[in-house]
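Subject: Structure handover

Hello,

The structure you asked about is below, and my notes on it follow. Please read them with the structure open.

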Amino acid sequence: MSTISQWQLRAAFAARLSQMYGQEVPAYTTLVDVSREVNEDVLRARGADAERLGSISRVTAERHGAIRVGTPRELEQVARVFAALGMHPVGFYDLREAAASAVPVVSTAFRPVDGEELARNPFRVFTSMLTPADPRFFTPDLRARLETFLAGRELFPPELLALADRAAAERELPQQEAERFLRLAVQAFELSSEPVDRAWYQELERVSAVAADIGGVRSTHINHLTPRVLDIDELYRRMTDRGIEMIDTIQGPPAWKGPDVLLRQTSFRALAEPRAMRLADGSVESGALRVRFGEVEARGIALTRKGRSLYDDLLGRVDEQASRSPAEARGEVARAVWEQHMPGSEEELAAQGLAYFTYVRAEGRPRDGGGPPAGLTELVRQGWVSAEPIVYEDFLPRSAAGIFQSNLSGEGTRDNDQEGAAYDAAWLSGAIGRDVLDPYALYAQQQDRSLARVARELGLTDALG
């Protein structure tokens with residue numbers, strides 16, 4: 001009997017989820033079509049340079065999804081589902097602190113971590129968990145009722161979890177079981193037709209629209225699905241020209257003449273979708289909820305901790321200058337700050353230790369009788385070694401919060417006189433029952449392995465780095 005490997009399960013799940021979401025949210029299909037058109041145009045215009053941060057086949061297939069769960073138990077279960085697909089929790093994101101609006105969630109991202117697995121299919125899912133224990137958002141009474149509600153629902157059927165555990169343990173599934181797993185997994189993230197308790201939903205919505213979307217219903221659903229595009233500014237223009245309402249900004253670094261770093265994101269606005277609403281007297285009437293949207297992303301080079309510190313500092317400068325000159329477009333302010341303070345080439349980013357690269361021995365270097373120099377910078381400068389940028393595979397909490405905020409129907413409520421509940425990566429690891437991995441460590445390992453290989457190939461005795 002033929003078997004389906006984890007990466008094939010991951011690719012099939014991403015494709016089926018995309019098909020399902022396109023049927024539920026037709027504007028998403030438009031977003032995918034426009035992304036593909038832009039990518040084809042960029043490839044024609046830039047040639048091989050367009051694929052410097054990933055082959056066009058990878059970029060075209062690439063997706064990240066976003067889901068929201070309510071409890072540590074639900075988060076542990078969804079981790080089992082993604083483990084079946086070779087996806088691990090990477091990074092801790094506290095959107096409570098990143099958002100001006102009430103966004104009472106902490107998050108991680110499930111994704112492949114091995115370079116070969118990422119190249120095969122880099123599907124990732126940004127997964128947020130509600131924080132009912134945070135008194136800034138939830139009173140003791142509301143917290144108790146919310147936790148009781150969440151404890152009484154089942155998001156993932158036992159059969160799905162059993163198949164997921166088998167796939168994770170064996171790293172594959174027989175074809176028939178794989179088909180069953182995929183069907184159940186996609187169904188778990190479909191939008192439910194079950195009526196929503198209007199009074200309960202609205203009570204949570206007064207706290208936070210995100211809280212209502214998580215804790216106001218008896219199921220979960222894919223909140224958005226995100227294709228990757230090579231020119232997000234051009235995509236934004238084309239979507240607007242098609243009459244699709246986009247959010248006001250592109251989150252993340254500005255468009256500028258230097259290298260793309262980290263992540264830029266934007267979306268079309270959340271659409272009013274028909275939902276059945278149950279009233280206090282038990283009757284059901286038609287209503288609408290505005291919770292799902294279509295996001296798109298452009299990925300750049302992964303920054304080191306030093307590079308990320310510079311990025312955060314530049315964001316602070318942009319905030320300060322934009323507040324002093326509100327009439328000036330924020331994008332122009334950001335571009336000017338970037339061009340003044342951010343290195344303008346990959347070579348400078350590498351030399352200053354601001355970004356991650358993989359290093360390979362250069363092919364066809366003319367022999368001049370001399371041996372290779374000792375330092376990495378000189379090895380690159382003299383053509384002994386070439387540097388390939390490592391693509392940023394993760395997320396930015398401020399950008400994620402900005403996307404969430406741009407699609408909320410209201411600001412919600414937040415009592416800043418209260419002490420916030422403590423959540424961190426260690427707590428999240430315990431809740432999931434598996435380590436939440438450090439993205440910086442993953443990028444550093446990838447870079448260090450390449451440096452060790454280059455040193456061996458060139459016969460260097462001193463470590464590079």
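Helix H18 spans residues 425-432, and its buried residues are Leu428, Ser429, Ala431 and Ile432. Buried here means under 20% relative accessible area, exposed means over 50%, and partly exposed lies in between (1.4 Å probe, protein chains only). The four cover an arc of only 165° around the axis, so they sit on the same side of H18; the arc is taken from the directions from the helix axis to the C-beta atoms. Ala426 and Gly430, on the other side of H18, are exposed. The cover over the buried residues of H18 includes H4, strand S3 (88-94) and strand S4 (105-111). Helices (H or I, at least four residues) and strands (E, at least two) are DSSP runs, numbered from the N terminus.

This is a predicted model, in which local features need pLDDT of at least 70 and side-chain atom pairs count only at pLDDT 80 or more, while totals for chains, interfaces and linings use all residues. Residues are numbered from 1 along each chain as its sequence is written, and side-chain values use heavy atoms, with hydrogens and water left out.

Leu160, Leu161, Leu163, Ala164 and Ala167 are buried in H8. They lie on the same side of H8 because they cover an arc of only 165° around the axis. An α-helix has 3.6 residues a turn, so residues three or four places apart point the same way. Pro158 and Ala169 are exposed, on the face of H8 turned away from its buried side. Among the elements that cover the buried residues of H8 are helix H1 (6-24), helix H4 (72-83), strand S6 (172-174) and helix H9 (175-188).

Two loop residues come next. Asp134 is in the loop between strand S5 (124-130) and helix H7 (140-151), and is buried with a relative accessible area of 0%. Leaving out residues up to four places away in sequence, Asp134 touches Arg96, Glu419, Gly420 and Ala421, where contact means heavy atoms within 4.5 Å. Thr71 is in the loop between strand S2 (63-69) and H4. Thr71 is also buried, with a relative accessible area of 17%, and on the sequence rule used above it touches Met129 and Leu150.

The largest pocket holds about 730 Å³ of space. Of its 29 lining residues, Thr249, Ile250, Gln251, Gly252 and Arg330 are the closest to its centre. A pocket is an open set of points on a 1 Å grid over the protein atoms alone, where a 1.4 Å probe fits, with protein on both sides within 12 Å along at least five of seven lines; lining residues have an atom within 4 Å of a point. H17 gives the most to this lining, six residues. The second largest pocket has a volume of about 570 Å³. Its lining has 27 residues, and Arg46, Leu53, Leu230, Pro259 and Asp260 are the closest to the centre. Volume is the space filled by probe spheres set on the points, which are joined across faces, edges and corners.

Regards
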